[in-house]
Structures are given as C-alpha cells and as structure tokens.
Amino acid sequence: MSQLDPQLNKGVLGNLWEEITNNSGAVNLSLSELHAYFTNKFGKDKSSKSNGVVERAVARIIERSGGGLKGLQKSLAIMDDNGDKRLSKSEFKKGMSDYGIELNNREVDDIFLTFDRDRNGFIDVDEFFIGIRGDLNERRRKLVKMAFDILDTDGSGFVSIDELSAVYDVSWNPAVRAGKMTQAEAMKEFMTQWDRLDGDGMVSFEEFVDYYKGVSSSIDGDDYFELMIRNAWRIAGGSGMAANTANKRVLVTNKDGSQSVTTIQNELGMKPGDRNAARSRLAMQGVDAESVDLYGGLDTTEKPNKTRSFPNNGQQRMERGSKNSIF
C-alpha cells in the first residue's frame, strides 16, 4: 500500500491490519507499533523531518557512478526498469534500495520535489543530471550572463522577442520556408526553449540560467562548456581549448597598406557577406580599415599589389542560413 485512501472502509482497514501485523493473526496492536509502521511507510512529519535525504541520495549515486556523465547515464539506465528514459517514484525507490539506501514514501516525495522540475511525477534525463550535478558553477554562470547580456540590449533584465529577432533570423526555419509557419510564430516557438517558467513572452536571466543548467549537466569539462557558449553566441576571446573558433575572421587592409587577419568580436546578428556591417563592427573595435575582404587571406605586413575587390558573385560563396545559427 503506497498511500492511504482518505475514505477508509472496513475492507481497507482489514488489509492494513494484516499488513501491519504481517498476517500473524494478532488481535492487538500498540500505539508504538502503529507509529513505527506509519513512520517507516510514509516518513516522519515534515516539521521534524531531517532535510538530508536528498543529499544522502545524491551522495550515494555519485559514489556508485563516479559523478561523470557516462557513469550517471549508466545509473539512470540501471534504475529505468521499463526503458522509457525517465524514472517513476517506484523505480527510483527500488534503484536507491539497490544502492543500499532504503527510502520511505515521504522521503521519495521529498527527493522528487527537488529532482522533478516540471512536476509531472517522473525524473527525466535532464532532471536527473541537474539533480545530481547541481547548479552552474561560478565560471559557467558568468559565461551564461555574458550571453544573456548580449541579447538584453536595453539592460532591462529581460529579453523580448524584438531583441531576439534582432540577432536571430528564423526565415530559414524549414516550417517557415514551407509556408507552414509565419516568422512571428517561428520566433515565438524558438523563444519557448528559454521562456518556460512563466510563459510570459519574455526571458528573464533566471529562465536563461535554468535552460543552461540542463545543457551544463551533460557537459563534463568547463573548457568545453565555455567553447560552446562562446561559439553559440559569437563571444570572442577565451584561451586554449576554450578559445572561440566560430567568429568571422576577415582580411583587413589598413590605411597604411598593411594587412592583417582580424576577428570580428561582435558578430552575432550579422548577415553573411554584409560588408558594411563588418566594417561597422570592426570600427567599434577600433579598426579603421581601408578595405575589408570577407573571404580570407594571409597575415602580412606587406602592401598588397592591388586592393582586393568584391566579386559580384560573392553571394554564391556565402554560407546559407540565418544571421547566426546558434544551435
């Protein structure tokens, strides 16, 4: 019996009696026996319950899995008896029992309050990883804030559809191209991946962080997480393995005739092949270019024999897609 029906009848009470007495035929029960049974079955009252059950469960799962991504995936698969990629309360309780921790129903409920973020009664893969691996560390949270600030152009603390539309072009969405969805509908759908806490059409920093908790939980290394953020949101910089590799690099001819390959630091929202936008963004970086070649070149300080021109068929060589494909 996992729960008590609020409307108890004689039959239910009879079954409960047999369960408590273990079918021993006993005709008397002490209050201490009743209390012990209900405490073991449903947990102590919340006012006196220790809040360490979640920590104990997490610690044991990490101990058994190693805490790494592959180990956690294996732990989830072992507990997932029916293979639906999520854990029910009974599966989780049985899995923890196999790990040596016996949980009563109240304790399982408490753990699900922490893990089951969408309150659907199950723990899915992302919820499992987030529950075990916890919040973003300081380095990852700062990177997420950098990305959010790029979108939040008015500094309001919220990202609107207009702000997102300024840097992301949904015209290449297959549904839009097929006429099955308008661009406004596609943008609204795109935005829901972040706007999922209150669905108000605005993305708060808390919602943005909540989304990246799920992404972060499946990435072991901080360097790789930084690389992913920098490349996705066109944030120049980083060092070593975390250095940005996605931002456009252009051949700049300076006014003295020297040339250099320069990275456009603020590239998000720039259309492929937009020469004027490239010059404008380079100017914001303090680069006063005589000319800009969008299609590469070699680093050199020698004067070019002839200023490079832009071929009329340049558009044919441009990558197809949105202003920036960030996922």
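Two strands count as paired if DSSP finds at least two bridges between them. In strand S6 (259–263), the bridge partner of Leu251 is Val261. Helices (H or I, at least four residues) and strands (E, at least two) are DSSP runs, numbered from the N terminus.

This is a predicted model, in which local features need pLDDT of at least 70, side-chain atom pairs count only at pLDDT 80 or more, and totals for chains, interfaces and linings use all residues. Residues are numbered from 1 along each chain as its sequence is written, and side-chain values use heavy atoms, with hydrogens and water left out.

**Overview**

The protein has 15 helices and 7 strands. Buried residues make up 39% of its 327 residues; buried means under 20% relative accessible area, exposed over 50%, and partly exposed in between (1.4 Å probe, protein chains only). Contact means heavy atoms within 4.5 Å. Of the contacts with a separation of 6 or more, 55% are between residues 24 or more positions apart.

**The three-stranded sheet**

An open sheet is formed by 3 strands in the order S6-S5-S7, with antiparallel pairing. S6 and S7 are the edge strands, each pairing on one side only. Neighbouring strands of this sheet are turned by 35° against each other on average, direction ignored. Axes are lines fitted to C-alpha atoms, for helices over the stretch in contact, and angles run from 0 to 180 degrees between N-to-C directions. Helix H14 (residues 275–284) packs on the sheet and touches S5, S6 and S7. The direction of H14 makes about 130° with that of S7.

Strand S5 (residues 249–254) is joined to S7 by 4 bridges and to S6 by 5 bridges. In S7, Val292 stands opposite Val252, and Ser291 is the bridge partner of Thr253. Strand S7 (residues 289–293) is mostly covered, with 4 of its 5 residues buried. The hairpin of S5 and S6 has 4 residues between the strands, and Gly257 takes a positive phi near 95° there.

**Nonpolar cores**

A nonpolar core is a set of buried Ala, Val, Leu, Ile, Met, Phe, Trp, Tyr and Cys residues joined through side-chain atoms within 4.5 Å. The largest one has 33 residues, of which Val144, Trp194, Phe208, Tyr212, Ile229 and Trp233 touch the most other members. Helix H8 (138–151), helix H11 (183–191), helix H12 (205–217) and helix H13 (222–232) are the elements that give two or more residues to this core. H12 gives the largest share, 6 residues. Apart from this core lies another, of 23 residues, among them Ala57, Leu76, Ile111 and Phe129.

Leaving aside residues up to four places away in sequence, Ile229 touches Leu143, Val144, Ala147, Tyr212, Arg234 and Ile235.

**Helices H3 and H6**

The axes of helix H3 (residues 53–65) and helix H6 (residues 105–115) come within 9 Å and cross at roughly 75°. H3 and H6 are therefore roughly perpendicular to each other; angles of 65 to 115 degrees count as such, those under 35 degrees as roughly parallel, those over 145 as roughly antiparallel and the rest as oblique. H3 makes the contact with Val53, Val54, Arg56, Ala57 and Val58, and H6 with Glu107, Asp110, Ile111, Thr114 and Phe115. These residues divide into 6 nonpolar, 1 polar and 3 charged. Here Ala, Val, Leu, Ile, Met, Phe, Trp, Tyr, Cys and Pro count as nonpolar, Asp, Glu, Lys and Arg as charged, and the others, Gly among them, as polar.

**Loop residues**

| Residue | Loop between |
|---|---|
| Lys85 | helix H4 (69–79) and strand S1 (86–87) |
| Arg119 | H6 and strand S2 (123–124) |
| Ser156 | H8 and strand S3 (158–159) |

Phi of Lys85 is near 70°, a positive value in a residue other than glycine. Lys85 counts as exposed because its relative accessibility is 59%. Arg119 is not a glycine either, and has a positive phi of about 55°. Ser156 has 41% relative accessibility and so counts as partly exposed. The C-alpha atoms of Ser156 and Ser204 are separated by 9.3 Å, and the two residues are 48 residues apart along the chain.
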